[in-house]
Amino acid sequence: MTSTTTRTTRGRVAIAVLLIVAVVSVFVVRLVDIQVVQAEGLNAASLASRSDSTVTLGTRGDILDANGVVLATSILRYAIEADPSAVDEFERPAADGSGEVTVTADQAIGELATAMGLDPAAITAILSADPSSRYALISKSVDVATYNAIRALDIPWLYYKADQSRSYPDGSVAGNLVGFVGEDGTALAGTELTQDKCLAGSDGTEVTETGEDGVAIPGSTVTVTDAVDGGDVQLTINSDLQYFAQEALAQRVTEVGAESGTVVVTEAKTGKILTAAEYPTVDPNNIDATDPEYRGAKVFSDPFEPGSTFKSITAASLIDAGAATPDSQVLAPYEYTSGDAVIHDSFYHAPMPWTLTGVIEQSSNTGISMLSNNMSVDQRWDYMNKFHLGQKTEVGFVGEDSGDILPGDVSGPTQLDDQTIYNTTFGQGLTVTAVQMASAYQAIANNGVRMPVQLFEGCRHADGTVTDAPAASTGEQVISAQAAQDTVHMMESVATTGYAADAIKIPGYRVSAKTGTAEMSDGSGAYGGAYLTSMAGMAPSDDPQYVVSVTIRKPVTITSGLAAAPVFQKVLSQVLKTYRVQPSTVPAPELPTTY
Amino acid sequence: MTNLATVPIERLGAPAPAGEPRRRWLSPAPDRVARPRQRPRIVYAAVAIGGIAIIALAQLLLSIGLSDGAYQISSLQSEQKDLARTNQALTEQLTAFSSPQNLVQNAQALGMVSNGNTVYLRLSDGAVLGSPTPASAANAPIAANQALVPNSLLQPEQVVAAPVPDASSAPQAAAPDPTVPWQGALPSPQTH
């Protein structure tokens with residue numbers, strides 16, 4: 001073996017080794033680059049190309065009445081979208097199963113229009129607005145039946161998107177309280193808005209790896225965010241009673257040519273609102289059909305001068321303060337003058353020897369004004385505050401108004417002019433909401449104990465727990481039990497011998513009530529000749545269980561409390577029937593009305 | 001590095017004097033003691049290859065099963081979606097049907113009237129509280145009017161048609177007996 005051959009062999013070996021090393025290191029560098037340096041980006045890109053991210057819907061909660069009747073619920077609606085650039089003829093299996101048939105674009109549009117109940121020209125217009133576009137919205141929301149019909153057409157250039165929508169099965173029953181949501185699902189009014197925190201759910205996301213045919217690869221589903229369903233809100237409303245009240249009220253409002261009206265029913269012992277009806281009321285399924293003015297809950301948001309129904313509150317305050325008894329005597333003239341104030345009764349009469357009971361029964365403005373002189377002005381306002389007038393109720397309803405028992409520019413009741421001081425004894429010169437008025441009557445009906453006004457039972461979550469339930473309360477003693485009972489008995493004389501007695505009689509039951517005919521302000525400080533007639537009361541008088549308060553605004557054919565009386569009678573009868581209240585057994589005490 | 005195999009044996013150790021006879025003590029290694037010649041263990045190979053085959057087969061079957069399941073899940077899920085949709089559509093219909101507007105309207109179409117006059121029967125002594133009066137359409141507290149308490153979910157055709165009394169088959173209506181037939185206390189069990 002020569003040394004030359006040895007050297008050549010060695011050289012070859014060295015070159016081969018070097019080449020191998022070079023090639024291997026190129027591979028190693030590339031490998032490290034892919035596996036380490038770019039690993040994250042490449043992994044994400046590969047996952048994205050085979051994975052499918054879906055939004056799982058968190059359902060918005062229901063709104064229920066006291067008995068669990070669904071007043072608002074979430075449903076799925078479908079958006080129908082199209083790809084105009086792809087509109088062309090296509091093949092689909094023939095109806096008789098014999099091969100495929102060709103469907104032309106016009107034919108498909110015609111079928112689609114029939115399924116949706118639209119004019120084919122309208123769909124053609126949408127599709128031809130921009131034929132090169134990849135997206136056109138045909139319908140924002142179709143129901144399940146329509147969606148199924150459209151899907152059955154097998155049109156390849158249509159796309160569908162499920163979306164949550166709200167349905168209100170009872171329509172305008174309690175529509176004022178339930179409220180509504182906008183097209184994009186944001187709460188706009190009523191309980192939907194007030195309790196939005198409870199009702200709202202949040203959507204989740206799920207990522208699934210899919211094969212080429214869109215079928216999920218087993219075990220590849222990863223939940224990125226959990227969907228959270230919203231809670232259910234239960235109201236204290238009885239929807240059947242609410243319907244009855246709305247129907248009775250609406251009939252009377254149209255009958256007397258009035259503008260609007262409200263009915264509030266509360267449970268005397270608990271302060272729960274059983275009915276808060278108004279006319280007109282929005283049908284949340286069809287918001288546009290209602291004047292924007294009436295899309296809210298006026299029982300909470302629209303304060304008014306209550307008029308004579310307020311006399312019961314003044315009388316209750318007088319009795320509790322020891323400034324009067326049901327037998328307190330007053331010689332009530334037609335016109336009473338004190339300082340700058342001039343008070344008239346609603347009808348002309350010679351000076352009458354009325355007791356406080358007689359003043360209530362006859363609804364005498366002069367009588368209640370003169371008797372209120374036995375009590376200081378500050379003290380009277382203290383009572384109004386104790387009745388929670390001029391304050392928002394515990395419900396905290398959206399848009400709720402506090403009413404005004406003092407004008408904004410006055411710091412205390414003693415600064416008021418004489419006329420206003422006397423006017424407030426019979427419910428003019430101050431404003432209350434329908435719910436506040438019902439709440440004040442609830443205190444009188446419940447032996448002087450005012451219970452917090454309650455509309456919401458709480459928020460029931462998907463796991464069954466209930467939160468935000470109002471704290472149990474023993475209420476506030478606003479007036480003594482005796483003063484409350486005396487007031488109830490005085491109001492009974494309105495129902496037995498007052499001018500509206502025949503209209504509010506309920507056979508078998510003792511009823512206490514007070515009529516009211518308030519002059520409505522014309523908005524510029526003067527009274528404009530329009531009236532708000534009202535009727536508020538409770539039954540049975542021996543142990544009041546339920547309070548009903550009715551107002552009717554601007555009636556034309558009847559402008560006295562008689563306009564509201566039939567609604568009061570019907571609703572109260574229905575309440576007593578619904579809750580199986582036994583007829584009264586003790587006869588009414590006959591309080592003297594004159595002396 | 002030197003390959004020992006290529007190095008001539010002479011170069012190992014001190015050069016041996018030429019012609020010197022081979023050292024006696026270097027003798028060829030004796031033949032291995034004749035052990036029984038080991039036969040190739042075919043069973044091991046068979047087990048290994050068989051095992052691999054079984055694993056591969058199991059894997060294959062498992063993934064066939066899984067992907068089959070995936071298709072089944074996918075089709076069941078779409079069926080579930082369809083059923084949920086049907087359920088929702090029917091629930092929507094049901095709740096609209098059970099709305100008070102629909103019930104009252106249908107009841108009225110069937111000729112039913114609500115009686116505003118409540119009467120109670122006291123079980124303890126059988127006393128009738130209140131004065132029973134027959135219900136009449138004129139005295140009904142409310143008459144349903146869709147326009148006043150609207151519900152846009154209801155279609156007008158959902159109101160049933162009033163039944164037409166069939167004169168031939170209906171039994172002759174007996175004049176209602178206004179008297180209450182039962183006299184005395186209500187019967188009650190005598191258990192103690």
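Colleague: What counts as partly exposed here, and what is the relative accessible area of B:Asp82?
Modeller: Buried means under 20% relative accessible area, exposed over 50%, and partly exposed in between (1.4 Å probe, protein chains only). This is a predicted model, where local features need pLDDT of at least 70 and side-chain atom pairs count only at pLDDT 80 or more, while totals for chains, interfaces and linings use all residues. Residues are numbered from 1 along each chain as its sequence is written, chains are lettered from A and ligands numbered from 1 in the order in which they are written, and side-chain values use heavy atoms, leaving out hydrogens and water. B:Asp82 is partly exposed, at 31%.

Colleague: Nice, and which residue forms a salt bridge with B:Asp82?
Modeller: A salt bridge here is a side-chain nitrogen of Lys or Arg within 4 Å of a carboxyl oxygen of Asp or Glu. For B:Asp82, the closest N and O atoms of the pair are 3.1 Å apart, and the partner is A:Arg151.

Colleague: How many residues apart are A:Lys269 and A:Asp543?
Modeller: These two form a salt bridge, with the closest N and O atoms 2.9 Å apart. The pair links distant parts of the chain, and the separation is 274 residues.

Colleague: Are A:Lys298 and A:Asp302 buried or exposed?
Modeller: A:Lys298 and A:Asp302 form a salt bridge, their closest N and O atoms being 3.2 Å apart. As for accessibility, both residues are buried.

Colleague: Lastly, how many salt bridges does a search of the whole structure find?
Modeller: A:Arg60, A:Arg166, A:Glu192 and A:Asp196 are linked in a network of salt bridges. Over all chains, the search finds 23.

Definitions and conventions: Helices (H or I, at least four residues) and strands (E, at least two) are DSSP runs, numbered from the N terminus.
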